[in-house]
Amino acid sequence: MENKTKPNGSANLSIGGKTVELPVYSGTVGPNVIDVKSLYAQTGMFTLDPGFTSTASCESQITYIDGDEGVLLYRGYPIDQLADNSSFLEVCYLLTHGELPSSEALADYTYTITHHTMLHTQLDRFFDGYRRDAHPMAVMVGTVGALSAFYHDSTDINDPIQRMIATHRLIAKMPTIAARAHKYSTGQPFVSPRNDLSYSENFLRMCFAVPAEEYEVNPVLAKAMDKIFILHADHEQNASTSTVRLAGSSGANPFACIAAGIACLWGPSHGGANEAALNMLREIGSVDRIPEFVRRAKDKDDPFRLMGFGHRVYKNYDPRAKVMQETCHEVLDVLDKRDEPLLQVAMELERIALEDEYFVSKKLYPNIDFYSGITLNALGFPTEMYTVLFALARTVGWIAQWEEMTTDPTQRIGRPRQIYTGAAQRDYVPLSQR
Ligand code: SDX
């Protein structure tokens with residue numbers, strides 16, 4: 001990746017009577033950055049930024065977010081335009097190659113991904129080691145990590161061909177693994193992928209077909225699934241992407257790095273929020289109980305939070321949440337579930353929260369996880385599968401960011417420092433004297 005930041009003056013820092021000059025860089029769009037990598041050498045001091053609220057960890061050309069304006073761009077293209085006009089596989093090509101494909105390139109890419117969807121048959125036996133009631137995210141972490149035990153011919157990160165094959169394998173096999181995680185929990189037989197189906201049609205069939213009868217994919221639901229995957233594909237340097245980059249900075253193989261990303265995504269503050277948001281809507285149960293839960297969300301002494309609300313970056317409506325809400329209505333309409341009680345609770349909760357001073361003052365808006373659970377519930381997925389679907393879609397973003405980091409000539413192993421507030425050096429006290 002050629003460096004595209006441009007010098008834009010400098011920032012002067014006065015410390016202990018000494019002035020330190022630090023370069024400032026500008027990107028294509030968005031906040032400038034102060035390059036502090038020489039700070040410790042010049043001052044013997046570190047910066048401190050737990051949670052990285054003011055820290056840019058890298059230069060990237062993949063995804064741009066403007067949290068104040070509610071803007072999300074994949075390689076410059078607005079998320080709503082891609083959701084309305086593109087397909088998930090075309091977005092995978094865009095994120096990993098940097099440009100939209102020609103029709104020929106898209107056909108070739110689709111053929112390649114389609115012909116990587118099968119799993120090594122020994123991997124199917126791997127599932128037998130899990131309990132049937134294991135959370136499917138635990139299954140995903142274990143099984144994706146185990147891919148590096150099967151595909152030794154695509155783990156050399158210094159070989160661009162092997163990196164490309166690993167990228168294709170991960171994008172292609174995540175739906176097959178995710179569907180197997182679901183089938184395994186139900187006790188139903190695994191369903192093999194079919195090459196005559198689109199990416200999302202294949203996934204829905206692998207999840208819901210049974211050998212006892214023919215399964216016809218509903219094209220409206222397949223389109224909705226594809227759109228949901230597009231919305232979740234990438235999101236700048238979020239916690240799980242940063243995890244993948246940090247794991248990759250040590251030279252770990254791509255399958256291990258993606259497994260690390262899946263583990264991080266599982267947390268309820270991150271990708272696990274879609275499962276938590278639906279469980280919250282179920283707990284609220286009816287519109288008349290909403291005030292009680294809004295009160296709890298505002299109570300500092302109550303750990304309860306409105307799941308699916310708030311975001312580190314978006315201080316405006318998450319643009320993905322708008323598309324997600326539209327998709328939710330489309331799915332409920334086609335399934336004749338438009339009077340779904342959970343949707344009524346969600347819409348009333350959103351209305352109340354967006355008028356409440358607490359949420360308005362803290363700029364807490366619905367995020368992508370608020371409506372996704374209702375949609376996935378209507379599509380027939382159990383709650384535990386929601387974060388698995390998030391991980392399935394986010395794999396392309398993780399691997400695109402991993403590839404960008406791996407090919408960045410300036411990248412070094414990530415190794416943050418700390419401010420130490422523990423015990424100063426002291427001598428060991430023998431047991432007899434304690
Ligand atoms: C995702 O980073 C990404 O891009 C992530 C993601 C992606 O695509 O990768 O967008 C996906 O993870 C979306 C976020 C899903 N998580 C949730 O919906 C869980 C609920 N939301 C939060 O826990 C919280 O909003 C976070 C974790 C999303 C953001 O946390 P921050 O930026 O650290 O903000 P914070 O927790 O410091 O909250 C700021 C204030 C606090 O009050 P004060 O201490 O300032 O008084 O807002 C309050 C919080 O108490 N607050 C909430 C709230 N979220 C924040 N109060 C009630 N309900 C909430 N949901």
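A polar contact, as I use the term today, is a pair of N or O atoms within 3.5 Å, and within protein one of the two must be able to donate a hydrogen and the other to accept it, while residues adjacent in sequence count only if both atoms are side-chain atoms. What we have here is a predicted model, so local features need pLDDT of at least 70 and side-chain atom pairs count only at pLDDT 80 or more, whereas totals for chains, interfaces and linings use all residues. Residues are numbered from 1 along each chain as its sequence is written, and side-chain values use heavy atoms, with hydrogens and water left out.

Let me begin with the ligand. A backbone N or O atom of Leu306 sits 2.7 Å from a ligand nitrogen, and a side-chain N or O atom of Arg312 is likewise placed 2.7 Å from a ligand oxygen. Asn367 brings a polar side-chain atom to 2.9 Å from an oxygen atom of the ligand. Taken alone, the ligand exposes 1,100 Å², of which the protein buries 78%, the areas coming from the Shrake-Rupley method with a 1.4 Å probe.

Around the ligand there are 24 residues, and those that come nearest are His235, Leu306, His311, Arg312 and Arg320; a residue counts as near if one of its heavy atoms lies within 4 Å.

Now to the helices, which are DSSP runs (H or I, at least four residues) numbered from the N terminus. Helix 7, residues 160-186, and helix 8, residues 199-208, have axes that come within 8 Å and cross at roughly 20°, the axes being lines fitted to C-alpha atoms over the stretch in contact, with angles running from 0 to 180 degrees between N-to-C directions. These two helices are therefore roughly parallel to each other, a label for angles under 35 degrees.

Definitions and conventions: Angles under 35 degrees count as roughly parallel, over 145 as roughly antiparallel, 65 to 115 as roughly perpendicular and the rest as oblique.
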